[in-house]
Amino acid sequence: NTYFREGNETGVITDDKVYPIDNLLLYKTLLKDDMSAFETFDTYLKLKESPLWYQSSTEADTYGFIRAVDNTTGQIIDDKRYLTDNLMPIFLLIENIGNDIKSFTINSIYPKDSIEEIFDLLDSTQFWDDINEGFYDHNSTTYKYAESNMHAVLAMLQIYRIYEELNLNSVMKDRAFELANITINKLLDELWDASNGGFESFGKNDWSEDTFSRYKYLQTNALGIITLLEYWIESGMQSDSMYLQRATYLFDKLEEELWDSGWNAYEYSRDQIWGIWGDENREFELESNRKKMSACLKLFEYTGNITY
């Protein structure tokens with residue numbers, strides 16, 4: 001009982017591969033008001049019982065959601081475990097269950113137990129690079145992507161906040177904030193373009209550049225605004241904070257470089273100096289414009305500035 005990825009305008013299935021992130025996002029958003037905390041957790045545990053969840057038969061600490069399964073044959077399409085896919089349970093369980101994460105169990109498992117299971121995975125060498133610092137994009141690469149590391153910062157901050165509020169596992173709470181702190185500052189040190197402004201797309205294992213890694217994308221930088229603001233909140237909300245300054249700078253930069261006043265939407269991407277290399281740059285994508293809209297609303301929520 002999972003949702004496939006894609007159908008055409010008449011409802012005919014055109015892609016019946018099943019992705020964990022699609023299902024987790026659906027439970028977290030469109031189905032949120034239709035599901036109680038108990039139903040949310042029960043649905044999550046059932047998803048873990050599907051072929052989308054991998055558990056090594058020889059290594060107890062090797063597990064997590066894989067990328068995709070063929071819904072018709074049950075064949076695994078992509079067995080890599082991606083950072084973003086395995087961050088999504090944290091958002092689902094904390095945002096949808098909230099303060100009840102230690103209030104009930106299913107098969108003797110609390111929702112907080114599942115949060116801690118995912119946290120332990122992310123804080124392991126499968127995803128966290130303790131030498132160069134930062135999260136790997138998936139378990140089969142050492143490359144580090146801006147977007148997945150930004151999602152990691154947001155997830156760690158959510159853990160920190162609710163564990164602080166409920167007075168749970170202080171060691172894990174402090175480690176979550178430490179990981180958020182290290183990661184946001186590593187992103188600013190390594191993937192922020194000091195000359196041209198904005199976040200670059202990704203870096204190699206030591207965060208050094210690779211082919212096309214310095215390109216600028218709307219979605220990456222919109223998510224950057226949200227991440228900077230959320231960290232600004234937890235770091236004390238000083239008016240002269242670098243995190244707030246970079247967030248407002250990014251808003252202005254995206255207005256300057258990517259806003260199309262004719263179509264009233266933001267364009268998709270630019271090269272490393274915010275130049276245009278092809279038609280792809282001027283495309284309009286729903287998801288990245290949605291992310292930018294969320295960034296604008298977050299700026300308004302946290303600053304009160306109606307311009308946003």
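1. In this predicted model, the contact between helices α1 and α2 brings P20, N23, L24 and Y27 of α1 against T43, Y44 and L47 of α2. Sorted by class, the residues that join α1 to α2 comprise five nonpolar and two polar ones, with no charged residue.

2. As to geometry, helix α1 covers residues 20-28, and its axis comes within 11 Å of that of α2, with a crossing angle of roughly 175°. Angles over 145 degrees count as roughly antiparallel, and α1 is therefore roughly antiparallel to α2.

3. The axes of α2 (residues 37-48) and α4 (residues 111-122) come within 11 Å, and they cross at roughly 45°.

4. The residues that make the contact between α2 and α4 can be listed for each helix. From α2 come F41, Y44, L45 and K48, while α4 supplies P111, S114, E117 and I118. The class count for the contact of α2 with α4 is five nonpolar residues, one polar residue and two charged residues.

5. In general, strands of a sheet pair through backbone hydrogen bonds, in either a parallel or an antiparallel manner.

6. Within this sheet, the pairing of β3 with strand β6 (residues 68-70) is antiparallel and rests on two bridges. Opposite V18 stands V69, a residue of β6.

7. For the chain overall, the secondary structure amounts to nine helices and 13 strands. The radius of gyration is 20 Å, close to the 19 Å given by the globule rule for 308 residues, so the chain is as compact as a globular protein of that length. The C-alpha trace spans about 55 × 50 × 40 Å along its principal axes.

How values were computed:
Residues numbered from 1 in each chain as written. Predicted model: local features only at pLDDT ≥ 70, side-chain atom pairs only at ≥ 80, totals over all residues. Heavy atoms only, no water. Axes fitted to C-alpha atoms, helices over the stretch in contact; angles between N-to-C directions. Helix = DSSP H or I, 4+ residues; strand = E, 2+ residues; numbered from the N terminus. Contact = heavy atoms within 4.5 Å. Nonpolar A, V, L, I, M, F, W, Y, C, P; charged D, E, K, R; others polar. Pairing = 2+ DSSP bridges. Rg over C-alpha atoms; globule rule 2.2 N^0.38 Å. Parallel < 35°, antiparallel > 145°, perpendicular 65-115°, else oblique.
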